[in-house]
Each structure stands twice: as structure tokens, then as C-alpha cells.
Amino acid sequence: MRIEQPEGAALDPLAGRRILVGISGSIAAVKLPLVVSALAKRGAQVRCVVTPSAAQLVSPVALASLSRERCYLDADQWCHTAPRPLHVELAEWAELVLLAPLSATTLGRWVHGLGDTLLASTLLATEAPVLAAAAMNTAMWGAPAVAANWQQLQRYERVLPLGPAEGLLACDRQGSGRMADPELLVLALESLASWGWQRDWQGRRLLVSAGPTREWFDPARCISNPSTGRMGVLLAQAARLRGAEVDLVHGALQLDPSWLEGLNLHPIDTGAQLQRALEQLQPQADAIAMAAAVADHRPARTLSYKPTKAELDAAMCGPWEPVPDLLVELVSRRPTGQRILGFAAHSGDVLPQAQAKFARKGCDLLFANPIDQPDAGFGSSTNQGWLLGPGDAVERLEPMGKLALAHRLITALGAAL
Ligand code: CTP
């Protein structure tokens, strides 16, 4: 059964997809009802398969309720009234599989070809792409047998492996073993649906800037812009899921912090701090995506105290100075072979303004988008516009989800390398 979808769901790569959620025995299983609920709300058809140990941790009744489908257990596998084996039926039904949490035991069964639970036999039988998110105790994760099995999984076609994050685990260990957060699981599944599992950026390093910069009049007041950082962070995650090592230099972001997992974070606030971070990180990068919304001007002098409202008027009318064009600086000192993607935000007639900006900035690619359309610009979940470059090439990109667009831009940047 599917929930009635709002307008715009046509652009959502998860809407209408048949997603099989396999849950194995790790305490992180308690987070899966949130994921199942989020997928069902986005119009996906969701079925859950739960191993016997996972059924001790998460309620199959809750999963059935939230998915609007029955939840499958080992006891359902062999039934004399079923015309076909259940694991084959489920394996062929699935368009996408989310395997989360992936425990040490289910991982071992999978890579050694053992189909002795409904989930394990379904995994062997399916030809659908699988997002596999491991979760277990730190010592178990470090055990040579588990490490070897995980290594083996990296070589599988159709599998997007998501290693565990660091954190405080339920077993009171501080370390690696925490399952990726529900929001990140949904994002990675969307990436699997819109791009796939191919890791064509393996061995490459991408530098991304995202979010707004702020310029301060005094310790309490600043000038900035409404950028949420969403486009830049999605570019960073898209590249990371495709195997890249990603440095993300970011201003104040307005999005779920779990989207930052797996990225090398370099928080900044002002244009000057962004400039320093870029100078430091540029030499190591194979490519750069300059998605930050840089405030164009700053007060020439920042007061060290908070003036009254009346005094502030004078401060605001005081001398201003331009923030240097950081994209132009990046282009002017780039090492041979490094490729740079710039962005352009415009209202009105976008293309001619973008073409002039592309010529002025000298970057290899420029994505230009309108900021005065309902399905594009600051904070929107979709975007559209024009991709300029390499050279004279101009491509119109119709409205699409920002993650799908991020993949589109990462593909273009990769092709230019
Ligand atoms: N940019 C930059 N440094 C600045 C201003 C912008 O590096 N001081 C970068 C942005 O990150 C983006 C591109 O330049 O990749 C275009 O930014 P945009 O705000 O569209 O244009 P501006 O350069 O500010 O020019 P204008 O406001 O005149 O359109």
C-alpha cells in the first residue's frame, strides 16, 4: 500500500519504488521504524524482513504498521500454501534493498553464501542494489574475521557499503560501530536510487565549500544571506558515496547534521576564514566545487563592543570593503589538472548573466540557477538551471531533486578531470 503523495513527488527518486528493508540483530535496529516511516511517507512501497535476533529488539508489529505491509519473519519462510518460496518472491519483488543494521552474523552469512535465515536467503537471491549499513560493538567491528568479510563486500557489484560511524555505543564503548543515522540512510538510499552503487570517484579528493558566510558589524550583528548549505552538502555526500575523500568547508548550515557524516569538516564563519581554509586545502584537491554563498561586502572595521541602536546606524553607514572573489583566486592559483565548478545565483533572465559570469570567473564549469522560481534556489529541495562548460557547452537542466542534480554535477566534474 502507498500513502497519497503531495505534488512534486514525481521528482523524488524514492516515490513509488519497491524497497525491501532487511533488519538484523544489532541494537541499532530500534532506529529502523523511523526509516521505514520516512520511506513510506515519501511514497515508497516498503516490506520488512526481520531476523530472529532483530525481532527481540524491534517490534515487527510496529514495522508492519509503519510500512502499511506485513512484516516477514523466519517462521513465514516455509509455508505449504505458498506457491513460490518466500525468499525468492521477496528477492524478485525488491527494486532496492536497505540492509540496516547489518550485524556481524548476517554479514558473515551473506559473504559466505549461507542462506539459513529468511533474510540471508533473500540477500543471496536478490539482484536488486543493496545499501548495507553495518553496526556492531567496536571490538567486533575490529575483529579480523569481520574486517575480512567487510573487505569482501567492497568488491560486490550492486552493493553500496556504508561503514559505521564513531560514537558512544549502547555497550558503553566509545568508538567505531554506530550505524549511520536514519536521515543519512534515507539520503544514501536516494543516492542508490538516483545514481547507483558505482564508486567512480574512488582515489580522488574533492574540496567543497557550502553555506553562507557572515560579516560582523560588532559581536552581536552581522550581514549574511539565506543559504542553507543544502546544495553544497549534497554535492559533498554524492561524491563521498561515489568513493571520494571530501573536504567540506562550511558556514552556518541549516540541515540535518547526520548529512555531514563521513566528510572532513572545516567550519568557518567569515569570508576571511573561508579564504584561509581554501588556501590551505586547495593544493591537495583534484577538483573543487565552490557552492558557498559568500557575502559580497563587509564593514571595513568590526567593533569590539556592542553599540546602541543609534550608534549602530553610524557603523552601518561607515566604510565598507568588498570581500575578494575567492573563486577567481582559486582559478588563478590552481595546479595543473585541477578542475573547478562555480555556481551562479540570479534573478530574471539567468542565462546571459551566467554566461558573462562564466567568462569573468574562468572556472571549468558553472552551474547557474534562478533564485526567483518556486522550485529552485535557497532552501528548496529541488533545483534547475543551466550547466555551462566545459568550453562553450551549455546544457539546460530541468527541475530535479537536489541530490540528483548533485550527482549530475559530480559526473560533469569527474568527466572534466
Ligand atoms: N564567489 C566567491 N567569492 C565572492 C563571491 C562569490 O568565490 N566574494 C563565488 C560563489 O561561491 C559562486 C560564484 O562565485 O561560486 C558566483 O557567486 P554569485 O553570488 O552568483 O556571484 P558574485 O560573484 O557575487 O557576483 P554578482 O553578485 O555580481 O552576481
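What follows is a chat about a predicted model, its ligand, its strands and a few backbone details.

Visitor: Before we start, how are residues numbered here, and what is left out of side-chain values?
Guide: Residues count from 1 along each chain as its sequence is written, and side-chain values use heavy atoms, with hydrogens and water left out. As this is a predicted model, local features need pLDDT of at least 70 and side-chain atom pairs count only at pLDDT 80 or more, while totals for chains, interfaces and linings use all residues.

Visitor: OK, the ligand. Which residues come nearest?
Guide: Met290, Ala292, Leu327, Lys357 and Lys361 do, out of 17 residues around the ligand. A residue is near a molecule if one of its heavy atoms lies within 4 Å of it.

Visitor: What does Lys361 do there, in terms of atoms?
Guide: An N or O atom in the side chain of Lys361 is 2.5 Å from an oxygen atom of the ligand. Polar backbone atoms also come up: one of Leu327 is 2.7 Å from a ligand oxygen, and one of Phe343 is 3.0 Å from a ligand oxygen. A polar contact is a pair of N or O atoms within 3.5 Å; within protein, one must be able to donate a hydrogen and the other to accept it, and residues adjacent in sequence count only if both atoms are side-chain atoms.

Visitor: How much of the ligand does the protein bury?
Guide: The protein buries 77% of the 570 Å² that the ligand exposes when taken alone. Those accessible areas come from the Shrake-Rupley method with a 1.4 Å probe; for residues, only the protein chains shown count as cover.

Visitor: Which element gives the largest share of the shell?
Guide: That's β17, with 5 residues. α13 (326–332), β17 (339–346) and α14 (350–361) each supply at least two. Helices (H or I, at least four residues) and strands (E, at least two) are DSSP runs, numbered from the N terminus.

Visitor: And what classes of residue are in that shell?
Guide: There are 10 nonpolar, 2 polar and 5 charged residues. Ala, Val, Leu, Ile, Met, Phe, Trp, Tyr, Cys and Pro count as nonpolar, Asp, Glu, Lys and Arg as charged, and the others, Gly among them, as polar.

Visitor: Switching to sheets: in what order do the 6 strands of the open sheet run?
Guide: The order is β3-β2-β1-β4-β5-β6, with parallel pairing. β3 (71–72) and β6 (159–162) are at the edges with a single partner strand each, so one side of each has no neighbour in the sheet. Two strands pair if DSSP finds at least two bridges between them.

Visitor: How many bridges join β2 to β3?
Guide: Strand β2 (residues 45–50) has 2 bridges to β3, and Val49 stands opposite Tyr72 in β3.

Visitor: What do β7 and β8 form?
Guide: A hairpin, with 5 residues between them. β7 (residues 165–168) and β8 (residues 174–178) pair in the antiparallel sense over 4 bridges, and Ala165 stands opposite Arg178. Asp172 in the turn has a positive phi of about 70°.

Visitor: Where is Arg68, and what is its phi?
Guide: Arg68 sits in the loop between α3 and β3, with a positive phi near 60°. At the other end of α3 (residues 60–67), Ser59 caps the N-terminal end: a side-chain oxygen lies 3.1 Å from the backbone nitrogen of Val61.

Visitor: Last one: which peptide bonds are cis?
Guide: One joins Ala100 and Pro101, with omega about -10°; Pro101 is in strand β4 (residues 96–102). Another runs from Gly389 to Pro390, with omega near -5°, and Pro390 lies in the loop between β19 (382–388) and β20 (394–401).
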